[in-house]
Amino acid sequence: MSAVTHAVIAAAGLGSRLGLGLPKCLLEIDGRTLLERQLELLQDVPDVRIVVGFDAETVIAKAREFRSDLIFVRNAAFRSTTTLTSYAMGAAGLDRNCLFMDADILFEPTSFAAFLKSCETNDLLVAVTDAKTTDAVYTHLREGFVTRFSRTEQSDTEWANLCWLPPGYCETGEGAVFERLSGDLPIRCHSITSFEIDTPADQSYAMANATFR
């Protein structure tokens with residue numbers, strides 16, 4: 001049995017920088033939404049929770065087309081809170097480690113599955129990917145660990161917005177998820193292939209370079 005039995009998808013944001021007028025998780029890549037693709041990757045995880053906010057009813061309806069046993073958590077303060085808050089709300093009441101992920105990521109399936117496998121032997125684990133995002137949070141690595149996050153000092157890798165953490169981990173701290181993680185560095189990392197789609201430039205890059213679509 002996999003160690004990953006709980007997953008939280010943060011899908012509450014406005015997606016204003018993408019400029020489509022809809023939640024980023026409903027962006028279609030080759031006819032399939034990011035949300036559909038993520039739910040497919042999580043098909044063997046028994047407890048999947050989606051934190052919704054902006055256009056919540058549409059996200060809920062679309063998600064239920066692909067899986068009927070999902071749990072939805074509403075972040076009513078999505079306009080003024082960060083993903084850290086959504087993660088904490090999604091994992092409320094759990095008593096074992098949880099997979100946390102953002103809804104605006106296109107994950108390569110094989111590397112995603114390898115990350116899930118690595119969760120079995122780690123208490124804290126974060127994913128990194130090749131640096132490519134318009135507004136990347138760069139990760140500085142040493143011997144399989146993230147030693148520093150930075151928005152200004154570039155590196156070859158960036159934070160992939162995917163992590164394996166104790167359920168109450170995000171209930172403390174302020175700001176972004178990587179800022180909360182910064183207090184516990186170094187943290188073991190696992191490299192994956194993924195594309196965050198936060199801006200039109202990110203979308204274009206993913207369409208041109210994600211061979212696994």
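Predicted model: local features only at pLDDT ≥ 70, side-chain atom pairs only at ≥ 80, totals over all residues.
Residues are numbered from 1 along each chain as its sequence is written, and side-chain values use heavy atoms, with hydrogens and water left out. Local features need pLDDT of at least 70 and side-chain atom pairs count only at pLDDT 80 or more, while totals for chains, interfaces and linings use all residues.

User: Which residue does a cis peptide bond join to Leu185?

Analyst: Most peptide bonds are trans. Here omega is about 0 degrees.

User: Is Asp30 buried or exposed, or partly exposed?

Analyst: Asp30 sits in the loop between strand S2 (28-29) and strand S3 (32-33). Its phi is positive, about 55 degrees, although Asp30 is not a glycine. Buried means under 20% relative accessible area, exposed over 50%, and partly exposed in between (1.4 Å probe, protein chains only). At 45% relative accessibility, Asp30 is therefore partly exposed.

User: What is the phi of Asp55?

Analyst: Most residues other than glycine have a negative phi. Asp55 has a positive one. Asp55 lies in the loop between strand S4 (47-52) and helix H2 (56-64), and its relative accessible area is 32%. The phi of Asp55 is near 50 degrees.

User: How many disulfides does a search of the whole structure find?

Analyst: A disulfide is a pair of cysteine sulfur atoms within 2.5 Å. The search of the whole structure finds zero.  For Cys98, the nearest cysteine sulfur, that of Cys163, is 8.8 Å away. For Cys170, the nearest is also that of Cys163, at 6.2 Å. The count of disulfides is zero.

User: Which strand and which helix each supply at least two residues of the lining of the largest cavity?

Analyst: A cavity is a set of points on a 1 Å grid over the protein atoms alone where a 1.4 Å probe fits but cannot get out, and lining residues have an atom within 4 Å of a point. The lining is Lys132, Thr133, Phe195, Glu196, Asp202 and Tyr205. The two elements are strand S13 (194-196) and helix H6 (200-209).

User: What is the volume of the largest cavity?

Analyst: Grid points are joined across faces, edges and corners, and a volume is the space filled by probe spheres set on the points. One cavity of 30 Å³ or more is counted. The volume of the largest cavity is about 40 Å³.

Technical notes: Helix = DSSP H or I, 4+ residues; strand = E, 2+ residues; numbered from the N terminus. 1 Å grid on protein atoms, 1.4 Å probe; cavity = no way out; pocket = protein on both sides within 12 Å on 5 of 7 lines; lining within 4 Å.
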